[in-house]
Amino acid sequence: MTAADEPGTLVERIAAQTPPHVAARVRGLSDRSIAWLFIAPTILLLLAINIFPLVWAIRLSFTSFMSNMPMPMRFNGIDNYIDILADEDVWQHFQATAHFVVSTIALQVVIGLGLALLINRQFRGHSFWTTVILLPMMLSPAVVGNFWTLLFQPQIGPFNYLISFFTGAPPSSFTMIGDVRLAPWTIVLVNTWMWTPYVMLICLAGLRSIPDYIYEAAEVDRASPWRQFWAITLPMVLPFLMLAVLFQAIQAFEMFDLVNLLTSGGPGSVTELVSITLKRSAFEKWETGYSSALAVILFVTVFGAANIYVKALNRVKQR
Amino acid sequence: MSATTAHSIVEASPRAKTVAGAIVILYALITILPLLWICATAFKSQSDAISYPPKLLFTPTLEGFVDLFTVQTRQPPDFIAKLPPAKSWYEKLARERGMVIAGPSPVVGRFVNSLIVGFGSTILATLLGTLAAYGFSRFRVPLADDLLFFILSTRMMPPIAVAVPIYLMYRWLNLYDTQIGLILLYSAVNVSLAVWLLKGFIDEIPREYEEAALVDGYTRLQAFRKVVLPQAATGIAATAIFCLIFSWNEYAFALLLTSANAQTMPPFIPFIIGEGGQNWPAVAAATTLFLTPIVFVTILLRKHLLRGITFGAVRR
């Protein structure tokens, strides 16, 4: 019998044989108390700063509380939830969010996977250019989003100028931020610019995890490159790609900073994503109860969708 | 690899490599164009920054930086002529445009706030994260998987969704608009990342090292301090940098939970205004100063980037 077959490690076995009072004197704190001493502060911090507010938000969501009014909290049951779900505007904001999430994820997947496939060919200088491509995702979305408003200025901004240079359309004939039809795509464009590197980096890791011998075997079987892509590359990269999509979908669904500074929900409310609605009702209209209910709905949606998705991801991984 | 082919079957042909390289480099250049434009704008004069058509070539000036760090008032030329001669280069630069420097701008305070909150929350989150990660990695903790999932799930919460009760709580505890309030909040957000990343790093350190130390008469705590910590140093450093980047970049909480006193740079930069609208060179100067450290850190972190952005799920 080897040490690995024994329950516990060498130290744990020795510890088990030592009388407790001797162990305490020899080794200071017991393992169990060290474990709790080490883990408890983290759990306490998370309970205080994350869970307590969440529970409070759930409680507030059943009240008509307004935090700028000195009136006492009054419970109104599920009125807030009914108001939200019956409100057509809220549904529109959810639609705008869905449009944003689906479009940006689709673009990120196509461009990110494409770039990863190209970088994986290991041309000269590929690691330098990979780092260059990664830069946008490390930067502050708010600070960068703010600056994009200059780039998108119809007259003085370089974006319109470049477009007009290539298409011939006069640069002041369209406004990326002010136009009702263009603005939803503007936020998709900037978010895709920012987060495509994320998908690319994870896909690249997926590609590198595929052992060479599989391709060599496929080559022996005379599989065409096209067939190799669909039969080997894509299925092997899929778990990685799905992980990237999970993180990015959550990120896009909760998007606030970039869009708040780029369009702040405008023009009208065509780019008003749910988190911007939430911020407005909580911190501009001070409808605390109503906004807490919306927050709970948002949280349940993210959490529920993420859970279902993770199950699907695990199934793909097991295949 | 067979002797008859010049390259392995799996390796791309030279032509395929060239094509791939060309496309990737083109994408890379397009993608950093906005960043280069920010840098360039920082060194433009106000009129160059908003000229039509957009200017590629311009005479560089430090006006943007001077505007960023000072508060200025416009004065009539005869008033400026009567003033004693300018003592410094930046005073001269302002006066050439008919402005007189009235004092320093609040930007320095915001920068200091960003640094204090950034480093404060990083130290706290990394410290707590290291301890918890060691606990989860080395001891049999009851319900360990559930606790780890709980820690991860706190990160999934939409920041705006918890902002309302946190705002009320902070008002009540007098933590609203304080550096310590932001530090606690960012630590809570970062600690989930820190635990997950560091657990991965500590799992990779062979247990035998500590066991040898314990056999040699070290206590658990001594073994942790003298054996595990030095081994995990790279991982801890990488984790700390990820925490720092998050705190440095964070906008939503900073916007909603701070105002004049503890505000950090991200909510402040959009409000750098000059006469009649945003002063773009000053905004660009602030943005450049704010983003540059992150660019260097990204280059340093290259090897650990993948791990950091996936909570240790993908390690390469």
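Q: Is the crossing of α3(A) and α14(A) left-handed or right-handed?
A: In this predicted model, the axes of helix α3 (residues 31-60) of chain A and helix α14 (residues 288-318) of chain A come within 7 Å and cross at roughly 120 degrees. The handedness of the crossing of α3(A) and α14(A) is left-handed.

Q: How many nonpolar, polar and charged residues make up the contact of α3(A) with α14(A)?
A: From α3(A) the contact draws on Ala57(A), Ile58(A) and Leu60(A), while α14(A) supplies Thr288(A), Gly289(A), Ser292(A), Ala295(A) and Val296(A). Sorted by class, with Gly counted as polar, the residues of this contact come to five nonpolar, three polar and no charged.

Q: What is the orientation of α5(A) to α9(A)?
A: Helix α5 (residues 88-119) of chain A packs against helix α9 (residues 183-208) of chain A with the axes 6 Å apart and at an angle of about 40 degrees. Angles under 35 degrees would count as roughly parallel, so the relation of α5(A) to α9(A) is oblique.

Q: Which classes of residue form the contact of α5(A) with α9(A), and how many of each?
A: The two helices meet where α5(A) passes α9(A) in a right-handed crossing. Divided by class, the residues of the contact of α5(A) with α9(A) are 18 nonpolar, eight polar and no charged.

Q: Which helix gives the largest share of the side of chain B that touches chain A?
A: The contact between the chains takes 84 residues from chain A and 85 residues from chain B. On the side of chain B, the residues divide into 66 nonpolar, 13 polar and six charged. The largest share of that side is 16 residues, and these come from helix α1 (residues 14-42) of chain B.

Q: What distance separates the centres of domain 1 and domain 2 of chain B?
A: Chain B is divided into domain 1 (46-105) and domain 2, which comprises 108-268 + 295-309. Taken over C-alpha atoms, the centres of these two domains of chain B are separated by 42 Å.

Note on methods. Residues numbered from 1 in each chain as written. Chains lettered and ligands numbered in written order. Predicted model: local features only at pLDDT ≥ 70, side-chain atom pairs only at ≥ 80, totals over all residues. Contact = placed C-beta atoms within 7 Å. Helix = DSSP H or I, 4+ residues; strand = E, 2+ residues; numbered from the N terminus. Axes fitted to C-alpha atoms, helices over the stretch in contact; angles between N-to-C directions. Parallel < 35°, antiparallel > 145°, perpendicular 65-115°, else oblique. Left-handed = near helix turned anticlockwise from the far one by under 90°. Domains from an automatic or database assignment.
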